[in-house]
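Colleague: I'd like to learn how to read a model like this one. Could you walk me through a few features?

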Amino acid sequence: MFWLTSVRNLVTRAPAAWFFGLALPAQGLLVAAEVQGVLPEWLVRLRLYLPAVIAVGLTALISGTAGLTKTFLSLVKLNLPWYWFFVALLYAPVVGIVPLLLFRAVGFIDHIEYDTNIVQSSGILFLKFVLTISLVEEISWVSFGITHLKQWFTPFVAAVIGGAAWGIWYIPLNVAGIQVAGRFPNLPMVINFMAIGASCAWVYYHTRSAILVALMQVVMNYTALVFPVLPKPGAEGIYYAFIAAKCTFAVTFFAWKGPKPLFSTVPIANSAEVR
């Protein structure tokens, strides 16, 4: 059909822009409707899946069966060198403990607190929620949004921009106090997601494994529970240090193992680093 071909050609020019342009306004409208109590319960539950639905729909439109197959295969790709599982499992705990060690070293805190029992006490429902969120956000923000931004930017810049959009997605939820463990300062929260997006994109770039990135995010969610790194009134310093540690790791990953250059004035379409 002519109209479908026209839409496909239009979306193909800038898939990431279409994804962000659809997902972010829809999130704001749905959260506002949820706060006002005008959304039915079933639609409130489905809001969780919105970014993945948009990403999968756009993938089907621009790439068809081949694109959907690629997305599915990335969700079951586990045939990887052992050290990538090492990165996925230890990245978050290391990033979580670094700011606490720093604060302990300079005397800002007397001891390092942690609560491993919370992993068990959080229950199966929280685990199901975290697994769902991790898979949805990997499929949408990392595999689709950040990957397609590489049409225009270096992989590092694409990851930072995509991470910023990912953080903006959470602002309505943060303001409304929905689905967020405490109301975070909005700007640091967005910077936090810029760092998360960069680290996740780095892992995905080198492995093409969506399930590994999702695992990385699951561990990150539980790390934030085990270590006291989330912001508390009058004690936001550790949270800011937590974000700084994430930013440092993200830049280090790209500077160490690429893809490079991190920044470039050369059209990315001509860069051999983009794949």
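Colleague: Let's start with helix α4, residues 50–74. How far apart are its end C-alpha atoms?

Modeller: Keep in mind that this is a predicted model. Helix α4 has 25 residues, and a straight helix at 1.5 Å a residue would reach 36 Å, but the end C-alpha atoms of α4 are only 20 Å apart.

Colleague: Where does α4 bend, and by how much?

Modeller: The bend is at S63, by about 130°.

Colleague: And which residues of α4 are buried?

Modeller: The general idea comes first: an α-helix has 3.6 residues a turn, so residues three or four places apart point the same way. In α4, the buried residues include L50, I54, L58, L61 and I62, and also G67 and S74.

Colleague: What does the fold look like overall?

Modeller: Count the elements, then look at burial and contacts. The protein has 11 helices and zero strands. Buried residues account for 44% of its 275 residues. Of the contacts between residues at least 6 apart in sequence, 78% join residues at least 24 apart.

Colleague: How many aromatic pairs does a search of the whole structure find?

Modeller: It turns up 20. For each pair, look at the centre distance and the angle between planes.

Colleague: How is F253 arranged with W202?

Modeller: Those two are stacked, 4.3 Å centre to centre with 10° between the planes. This pair also links distant parts of the chain, with W202 in helix α9 (residues 186–207) and F253 in α11, 51 residues apart. W202 is buried, like F253.

Colleague: Which residues do ring pairs link into a cluster?

Modeller: Follow the pairs from ring to ring. The cluster holds W82, Y83, W84, F86, Y91, W202, F249, F253 and W256.

Colleague: Which charged residues lie over rings?

Modeller: Look at the distance from the charge to the ring centre. The charged end of R208 sits over the ring of Y205, 5.4 Å from its centre. K257 lies over the face of W256, at 6.0 Å from the ring centre.

Key:
Residues are numbered from 1 along each chain as its sequence is written. This is a predicted model: local features need pLDDT of at least 70, side-chain atom pairs count only at pLDDT 80 or more; totals for chains, interfaces and linings use all residues. Side-chain values use heavy atoms; hydrogens and water are left out. Rings of Phe, Tyr and Trp (its six-membered ring) pair if their centres lie within 6.5 Å; planes under 30 degrees apart count as stacked, over 60 as edge-to-face and the rest as tilted. Helices (H or I, at least four residues) and strands (E, at least two) are DSSP runs, numbered from the N terminus. Buried means under 20% relative accessible area, exposed over 50%, partly exposed in between (1.4 Å probe, protein chains only). A charge sits over a ring if NZ of Lys or CZ of Arg is within 6 Å of the ring centre and within 35 degrees of the ring normal. The expected span of a helix is 1.5 Å times one less than its number of residues. The bend at a residue is the angle between axes fitted to the seven residues ending there and the seven starting there. Contact means heavy atoms within 4.5 Å.
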